[in-house]
Amino acid sequence: MAPPPPHTRFYAGAMTGTSLDGVDAAVIRVDGHGVQATGEIVATHSGPLDVPELHDLSRGAPLPAATWGAATETLSRCIADVLEEATADFALDGTVVHGQTLFHQAPCSVQIVEGAHIAHRLQCPVATHLRAGDLAAGGRGAPITPLGDWMLWRSNQPVCIINLGGFCNITWLPDTGCIEDIRGADICPCNLLLNEIARQFFNAPLDQDGNHAGEGTVLPHPHTDLRERLVHLSRANRSLGTTDECFDWLHTITGERPEDIAATAADAIGTTIAQAARQHPCTTIKLA
């Protein structure tokens with residue numbers, strides 16, 4: 001294999017989302033410089049995130065500093081484990097780790113991760129706490145992916161990137177070649193609410209393959225109520241975070257089959273995302 005050209009670099013990234021259901025890592029080949037650089041995903045790996053304390057911390061539980069420290073150490077070790085698997089065949093120029101969000105309500109945002117632990121394991125520079133720069137510059141700190149989406153997916157056709165994370169966010173990439181025409185927005189809670197339903201009603205961390213929701217029937221009145229809440233959030237023109245999860249919607253539903261509650265939430269979330277995606281015309285939708 002011929003060596004890559006001198007302007008080619010390899011970076012790794014790892015993400016643990018607000019839904020706290022795993023660690024995803026990728027290796028990106030970057031060619032060029034600045035915002036005109038292009039990227040290509042060349043390796044990926046996923047692994048478990050077994051840090052129970054994070055659920056309590058993300059819900060504002062009053063836990064001692066020792067618990068914060070232990071959770072940060074375990075989280076960093078989980079991330080480093082997945083990154084080592086993903087990057088085994090690459091000499092890295094750097095690594096980016098967002099950190100686990102425990103609270104986000106711009107301009108305040110709290111992420112935890114120990115970058116030094118990961119840097120020691122991977123033997124390369126590590127950048128962390130990515131929201132902080134945007135918040136310091138007067139931004140909302142989320143979504144943080146549009147520039148990365150631009151590097152990876154831009155083309156001569158308009159593209160829509162939909163991320164079904166704890167919160168769903170969308171990037172609309174223009175066909176103009178002009179970076180100022182990129183649009184990105186948080187839309188509504190997604191896996192946060194769906195996983196909460198799985199925990200409350202099915203004693204599971206998530207509804208695997210949507211099996212429970214697939215057995216349910218949409219409840220008209222709860223569906224209307226949730227849709228109104230989700231649409232309100234999608235039109236808020238701000239980053240979403242703590243208190244936007246719509247958990248309180250579950251408190252309004254009594255006496256219904258859990259499968260029907262799951263089906264209602266999944267349909268309302270999907271409909272809201274589809275409606276938001278149509279805000280800007282696109283030729284291709286990439287769904288993650």
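This briefing covers the nonpolar cores, a surface patch, a strand hairpin and the salt bridges of this structure. The model is predicted, so local features need pLDDT of at least 70 and side-chain atom pairs count only at pLDDT 80 or more, while totals for chains, interfaces and linings use all residues. Residues are numbered from 1 along each chain as its sequence is written, and side-chain values use heavy atoms, with hydrogens and water left out.

**Nonpolar cores**

- A nonpolar core is a set of buried Ala, Val, Leu, Ile, Met, Phe, Trp, Tyr and Cys residues joined through side-chain atoms within 4.5 Å; buried means under 20% relative accessible area, exposed over 50%, and partly exposed in between (1.4 Å probe, protein chains only).
- The largest nonpolar core has 33 residues, of which I170, I187, L193, I197, L226 and W249 touch the most other members.
- Elements giving two or more residues to this core include β9 (167-173), α6 (191-202) and α8 (220-234), and the largest share, 8 residues, comes from α9.
- Helices (H or I, at least four residues) and strands (E, at least two) are DSSP runs, numbered from the N terminus.
- A second, separate core of 28 residues includes L20, V51, L83 and L102.

**Strands and surface**

- Strands β5 (residues 100-105) and β6 run antiparallel and are joined by 5 bridges; two strands pair if DSSP finds at least two bridges between them.
- β5 and β6 form a hairpin with 2 residues between them, and T101 stands opposite Q111 in β6.
- V110 lies in β6 (residues 108-112) and counts as partly exposed because its relative accessibility is 32%.
- T95, in strand β4 (residues 94-97), counts as buried because its relative accessibility is 2%.

**Salt bridges**

- The whole structure has 11 salt bridges, each a side-chain nitrogen of Lys or Arg within 4 Å of a carboxyl oxygen of Asp or Glu.
- E196 and R199 meet in a salt bridge (3.3 Å, N to O); they are 3 residues apart in helix α6, so about one helical turn separates them.
- E196 is buried at 8% relative accessibility, whereas R199 is partly exposed at 29%.
- R59, E196 and R199 are linked in a network of salt bridges.
- D225 and R229, 4 residues apart in helix α8, form a salt bridge with their closest N and O atoms 3.1 Å apart.
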